[in-house]
Amino acid sequence: MRVALVGLGDIGLSAHLPALQRHPAIELVQLVDPDPERRAAVAELDVQVAAEFEADVDGVVLATPPWVTPELTVSYAQAGLFVLAEKPVATSMEAARIYDKLEPAERGRVQVGLTYRHDPAIGQLATWIANGTLGETVLVRAHIYDEPYRPDDAEHTARITATLEHGSPVVHEGAHVFDWLTHLLGGRPTAVDDRWAVRTRAGLPAPNLTGARLSYPGGHQALVEFGWFTAALPRCEISVLGDRGLAVLDGFTFALTLTTAEGEKVVRFPGDRMTRCFDRQLDRFVALHNGVPAEPSLDDGIAALQTAQLVAGRAE
């Protein structure tokens with residue numbers, strides 16, 4: 001599969017590019033970014049580098065900001081290309097309406113970069129919930145904290161501030177979490193029962209701490225918190241509690257700890273989380289090119305965005 005990478009920011013260079021270079025079924029044909037400094041950073045690689053996409057390829061990986069991604073996704077899918085688009089698929093449901101332009105076959109060529117859905121830890125959690133290891137009904141607590149405030153890092157501060165102009169952390173981090181919860185708890189939430197938001201200092205474009213309580217099919221409940229831009233970060237983890245057991249997912253390593261009446265066990269998976277998930281994501285992208293339905297699909301990405309927007313309190 002001949003592929004171009006569009007977007008050479010942090011996630012593009014640190015995760016997508018190495019995964020594309022590693023994958024045995026992918027030929028990386030072109031690297032694209034309008035920023036000359038970013039293009040210069042990859043100039044020594046044996047790959048064509050350009051300011052604008054112009055390659056003859058089968059597919060495109062979009063590591064672009066979510067306020068740029070929708071228009072590019074539609075354009076490339078309509079051109080007959082397979083598209084792996086970074087999450088979230090847009091910054092609002094209003095912005096996501098552009099996807100209505102796509103015909104069913106074009107929508108089917110779009111895979112959403114909800115990368116960590118592919119981790120075996122998520123599959124193991126789903127199994128424990130489905131087979132009753134934890135109990136018939138569970139309470140999920142998701143504490144997702146990232147992007148610490150670094151007063152001495154002007155570039156990082158400017159980047160996160162600019163991202164907040166396009167929505168609170170729940171829009172960006174919630175794309176992953178609400179996709180996981182739908183996958184784990186048997187469907188989309190039946191209700192957003194309450195929500196809250198806090199700006200920890202004046203002048204931020206959006207609240208940098210956000211949370212909610214949601215109901216899911218089968219009586220399951222979820223308490224979610226998302227936070228950026230504090231000098232110290234609470235522990236990032238997801239816990240699933242039922243009357244028979246407790247499972248805790250470490251938010252950085254994805255190691256699982258299961259505690260039941262029989263005792264405690266820790267489940268770890270080979271390699272680091274980022275490497276295995278981005279590799280598995282590209283396995284799915286190649287499979288999409290070979291006729292297997294997209295996973296996660298564009299519909300999955302839009303569903304996660306809709307829940308995030310409900311929590312953010314901006315739903316119509």
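Me: In which helix does Val74 lie?
Reply: This is a predicted model, in which local features need pLDDT of at least 70 and side-chain atom pairs count only at pLDDT 80 or more, while totals for chains, interfaces and linings use all residues. Residues are numbered from 1 along each chain as its sequence is written, and side-chain values use heavy atoms, with hydrogens and water left out. Helices (H or I, at least four residues) and strands (E, at least two) are DSSP runs numbered from the N terminus, and on that numbering Val74 belongs to helix H3.

Me: Is Val74 buried or exposed?
Reply: A residue is called buried under 20% relative accessible area, exposed over 50%, and partly exposed in between, with a 1.4 Å probe and protein chains only. Because the relative accessibility of Val74 is 4%, Val74 counts as buried.

Me: How far apart in space are Val74 and Lys101, C-alpha to C-alpha?
Reply: Contact means heavy atoms within 4.5 Å, and, leaving aside neighbours within four places in sequence, Val74 is in contact with Ile98, Tyr99, Lys101 and Leu102. Along the sequence Val74 and Lys101 are 27 residues apart, but in space their C-alpha to C-alpha distance is 7.5 Å.

Me: Which side chain is joined to that of Thr64 by a polar contact?
Reply: Thr64 is found in the loop between strand E4 (59-62) and helix H3 (69-78), and because its relative accessibility is 13%, Thr64 counts as buried. A polar contact is a pair of N or O atoms within 3.5 Å; within protein, one must be able to donate a hydrogen and the other to accept it, and residues adjacent in sequence count only if both atoms are side-chain atoms. For the side chain of Thr64, such a contact of 2.8 Å is made with the side chain of Thr69.

Me: Which residue of E6 is the bridge partner of Leu84?
Reply: Two strands pair if DSSP finds at least two bridges between them, and E5 pairs in the parallel sense with E4 over four bridges. On that side, Val61 stands opposite Leu84. E5 and strand E6 (residues 110-113) also pair in the parallel sense over four bridges, and there the partner of Leu84 is Gln111.

Me: Which strands are the edge strands of the open sheet of eight strands?
Reply: The sheet has the order E8-E9-E10-E7-E11-E12-E13-E14, with mixed pairing. Within it, strand E7 (residues 139-145) and strand E10 (residues 221-227) run parallel and are joined by seven bridges, with Val224 in E10 as the bridge partner of Ala142. Two strands pair on one side only, and these edge strands are strand E8 (191-198) and strand E14 (263-267).

Me: At roughly what angle do the axes of helix H5 (residues 120-130) and helix H7 (residues 169-185) cross?
Reply: Axes are lines fitted to C-alpha atoms, for helices over the stretch in contact, and angles run from 0 to 180 degrees between N-to-C directions. The axes of H5 and H7 come within 9 Å, and they cross at roughly 40 degrees. The contact is made by Ile122, Leu125, Ala126 and Ile129 of H5 and by Trp180, His183, Leu184 and Leu185 of H7, while the crossing angle of the two axes is, again, roughly 40 degrees.

Me: What is the phi of Phe229?
Reply: Phe229 sits in the loop between E10 and strand E11 (237-241), and it counts as buried because its relative accessible area is 1%. Although Phe229 is not a glycine, its phi is positive, at about 70 degrees.
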